[in-house]
Amino acid sequence: MQREQQETQRMDGFDHRAPSYFICPISLQVMKDPVTIYTGMTFDRESIQKWLFSYKKITCPITKQPLSDFRLTPNSNLLRLIQSWSLQNASSSTTKFVEPEPNDHDALMKVLLEEIKQPHLQVKSLRKIKSLIQENRGDSSRITCISDDGLFSLVASFVVKTELPGIPQITGNDTPVIMNEAVSLLCLLRPSDEKLKMAAQNENGLLIDSLCLIIAQYLSNLQIRIQAALLLKSIFKVVDGIYKDGLRVEFLESITEILKDQISKHGSLTVLAILMEVMSYGKNKEKAIKGGLIPVLIELLAEDNEKHLCEMMLVVLEKLCQKAEGRAAFVAHPAGIAVVSSKIFKVSHVGDDKSISLLLCVLRFCISSGEVAREFMEVGGVTKICLVIQSGCNSRTKEKAREILGFHLKTWSKTPCFPSFFKA
C-alpha cells in the first residue's frame, strides 16, 4: 500500500516524503490543518476530530493520557512551514526535486519556539529544544534559526517567573516542572558574555535572585541546585559588583551545605568558584562566617589533597580571615593552624603562597597571643616557614614567610623545635 502511494505521488510530480513532524500520527499523511491537543501532541484536524468525536475516544492517540480538555489549537507556524515546503517541492511531472533533509532541525526549532509561547505546550517544548541542542551540539551549523543569546533570554524568563517566595509568581500545576526544564536547558546554552550579563542584570538582577532561591529552597532536588550553581558561577564572572552584593544568608548557608556534602568534585569546584567571586562584596564574608563556612573548609582541607580544590579553599579561607570574626573562627577550630601549615609543600607553588598568605593574615592579628604562637610552633608551622625562606619559592612568598617569622622570632628561637640554622 505504501509503495502504491509513493508511486501515485511521483506520477503526480510531487513527492510527499516530508520531515517526520509534518506527518499526522493518525493518518500518516502530511497534515493539511495541523492542530495541537491538550497533551501537546499535534495531529491533522480531520484525523483528530474523527478520533475524538466520531469514534468517541477520550484519550490522546499517542500518550494514551486521558483528556480533560478537548480544544484543538491551530498550529499556524507548523502550517506555514508545511505550505512552504510543499511549494518548494512542487514540480512538473518531468522535473525532479531535491528531497529535503529528513531531520530539518532549523524548521523544527522554529516550530518549538512558537509552541513554547502556549502554556500547555511549554514543558514539552523545553524538553524538545534541550534534546535538539544535545543532539547537535557538535555541529552548530545544524541549527541556525536562533542563537544561544536569543534563546537564553527566552528560557530565563521561565526561571524568573517560577513560583518561589519573594519573586513574581505564575500559577499552574506545571510550574516546578517548567523550572526544572528551564534551568537544565540554560546550562546547555552558551550565550556571549554581553548577553549573559544583560539577562542576569535585567529587572535588578531578578534571574540571580531566582537562582539563589532555587539553591536555598529546593533542598531535596540536588540536580537543579547544582545546575543553578553552575549558572551563577558563569553569571558572577560577568555582572557588575552591585549584583554580587547583599546575597542572602540562606543562600550562603545552602552552598556551604553543598560543599560539606561533597557530592562531586565538579559541584565543589562550582561552589568554591562562586565563593571566590562574591566574598569581596558587601557583607558576604560576615554572612558566610555566620553560616559556618570556615569549619567546613578546614575539615575539607584536612581530607583533600587535590591541587585545584585546595588552592580554591585556601583563597576563600584567606578572604574570610580578613574579618576579625573569621580569624576568631579559624583559630577556634582545633585543626585550623595545623591543617593550613600541613599544606605547605604538599599542594603546589600556588598552594604554598595561599597557605602562607592565610597564616600571615591570622598571625598578624594574633601577635599578642602566646597560645596561638605556641600552637604554630608545635604543629611544625615555624619549621615550614623557615624552609620556605630557604626554598625556591618566589620572592613575594618568601617575604611573607619572613614577616611571619618576625612576629615571635625571639620566643620561637628559644625553643628546641626551632631550626638551628636560623638561630643567631
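Contact means heavy atoms within 4.5 Å. The model is predicted, so local features need pLDDT of at least 70, side-chain atom pairs count only at pLDDT 80 or more, and totals for chains, interfaces and linings use all residues. Residues are numbered from 1 along each chain as its sequence is written, and side-chain values use heavy atoms, without hydrogens and water.

**Exercise 1.** State what share of the contacts with a separation of 6 or more joins residues 24 or more positions apart.

*Solution.* Among the contacts in the chain with a separation of 6 or more, 67% are between residues 24 or more positions apart.

**Exercise 2.** Which residues of helix α15 are buried, and where do they lie around the axis?

*Solution.* Step 1: buried means under 20% relative accessible area with a 1.4 Å probe, protein chains only. Step 2: in α15 (residues 324-332), G326, R327 and F330 are buried. Step 3: these residues span an arc of only 95° (directions from the helix axis to the C-beta atoms), which places them on the same side of α15. Step 4: their cover includes α14 (307-320) and α17 (349-364).

**Exercise 3.** Describe how helices α8 and α10 pack.

*Solution.* Step 1: α8 (residues 193-217) and α10 (residues 249-261) pack at about 55°, their axes 8 Å apart; axes are lines fitted to C-alpha atoms over the stretch in contact, and angles run from 0 to 180 degrees between N-to-C directions. Step 2: the two helices are therefore oblique to each other, as angles under 35 degrees count as roughly parallel, over 145 as roughly antiparallel, 65 to 115 as roughly perpendicular and the rest as oblique. Step 3: α8 contributes C212, I215 and A216 to the contact, and α10 contributes E250, F251, S254, I255 and I258.

Definitions and conventions: Buried < 20%, exposed > 50% of the residue type's maximum accessible area, 1.4 Å probe, protein only. Helix = DSSP H or I, 4+ residues; strand = E, 2+ residues; numbered from the N terminus.
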